[in-house]
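Hi,

Here is the structure I said I'd pass on.

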Amino acid sequence: MQNALIQQNGQPLLLVAAVLIYLIAFAMVWFLGFIYALPFLWVLPLIGYYLLQSVIKPILLLIPMLGATYLGDVVRVIPDGTIPLTLFQIFLFLGIAVFFLHYLLKNEEKFRILGIELELLLIFTLMSFSIFYSPNRESALLNLSRMFFLIIMVYLIINILRERKHFFTVFTVLTAIATLLGVLSVQAALLDPVTAIMNIRAGGTRIFGRGAITVHDPNVFATLFFLPIAFTTSIFFSRMSYHWRAPAFVVTLILLAGLASTYSRSAWIATAFLLLMLVVYYRQYKMVSLVLITVLVVFISIPELRNMSVGFFNRILDIFSGATDDSSRIRLLLGIAAIHMFFDSWMMGVGFRGFPETFTNYFNTRESIGVVEPHNVIYELLAELGIIGFGLFLFLAIIIFKKASHNVHYSQTELDKVIATTLISSLIAFFIFFQFYGGALVNTNLWGLIGLIFAQGYYVSYKNTRSKILAFDQ
């Protein structure tokens, strides 16, 4: 009955609204002289039709929304604003509106929850209270708002992503975007002759042309490769047919090259653990040994690659010593300052987002070359929210990891296993990465990953579910 209501009443009403909006926009162009907006009117009906179909099938909007998380700052509608309006934010707001309309018109499916609402409420309460004594209230309020909308995104994911085939579609889209970005990054950072010569001469003491296609920070850009690398590697290690595994291997090499172009040591270490976990789970020791030997022979045989690898090895060896650059030394200063903050206010911390301001009480910004942001999620929580906040986040992290592990254990098909191992290995990669870098609490892709984990948990936990093996497993 409700489906009929959508077909008979829902679509005509939405079509009427779309036509009225189009006529109003056309009138503005015609009478007010917005000639530059005239080409947009030609695609406006297509956009309206797509949004109409998204109300019926919200997955049509969820996929581009998740894809937009990889595009970062490529599209900025208001580039000079205090809070720049990006492509992801546009799709997020559209997704909220579309899902709301979908739920009103087709209220047949039970609204899904995460099961961690109490923990999230306690964390938000503590963060909100800490704003009163935080020395950086404006930033705290802004980040708290960002977390709120990212959690809304998680609810959109678990309520829209309800079919196994949609997981494969989402992962394929994200992998395709990451592969394209990887190719562009390799071309700009590794294959450019001038940049390559400068890096070879620097010998790792300084990096030129680090890949950062869609964001300003190469380290953040490197995290975009975690899930795609885990996905293609899982396919390659799995028992799926060779017409899936062979292309997955090629794409993995491209993604790894894109990751290398970022020169992000934190991401390299995180990816190494990601790959090691997949090797152990799928027990592909012989295959990995053969691949590593082949890659080593290729690097030794080609002079250009051999010279290029010098910078890579120097970057890895210097991660703890700080001999050739200041990044490791600055991380130590940040860590020491965090310890002081924790012991000075160990119960509830210095306040959410108070670390950058409080850091100057212990070290001069000249010593850290202006870097005051925390580079480790653990000491960031201990310093800003104290033992109470750290305990709440630790409990929440344990629940998320248990859910991801549960998905691996109860996966029924080979594709289920690929998805589950992709998610848990990517989660571990993010966890390791944020031991060397900041921004974990407001990282869009990390929250999206959490949403995917809980979404998969909704169907792998059904003991009586015996779906047909998808064509991907043949």
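Arg 353 is buried, with a relative accessible area of 9%; buried here means under 20%, using a 1.4 Å probe and protein chains only. You'll find Arg 353 in the loop between helix H15 (327-344) and helix H16 (355-359). Its phi is near 65°, a positive value in a residue other than glycine. For background, most residues other than glycine have a negative phi.

Before going further, a word on where this comes from: it is a predicted model, where local features need pLDDT of at least 70 and side-chain atom pairs count only at pLDDT 80 or more, while totals for chains, interfaces and linings use all residues. Residues are numbered from 1 along each chain as its sequence is written, and side-chain values use heavy atoms, with hydrogens and water left out.

Tyr 263 also has a positive phi, about 55°, although it is not a glycine. Tyr 263 sits in the loop between helix H11 (242-260) and helix H12 (265-282), and it is buried, with a relative accessible area of 2%.

Now the chain as a whole. It has 19 helices and zero strands (both are DSSP runs numbered from the N terminus: H or I of at least four residues for helices, E of at least two for strands). Of its 474 residues, 48% count as buried. The chain exposes about 23,900 Å², and carbon and sulfur atoms supply 71% of that (Shrake-Rupley areas with a 1.4 Å probe).

Next, Asp 416, which is found in helix H18 (residues 414-433). Is Asp 416 buried or exposed (over 50% relative accessible area)? It is buried, at a relative accessible area of 1%. Leaving aside neighbours within four places in sequence, Asp 416 is in contact (heavy atoms within 4.5 Å) with Arg 164, Ser 411, Gln 456 and Tyr 459.

H18 also packs against helix H10 (residues 226-237), at an angle of about 140° and with the axes 8 Å apart.

Cheers

Note on methods
Axes are lines fitted to C-alpha atoms, for helices over the stretch in contact, and angles run from 0 to 180 degrees between N-to-C directions.
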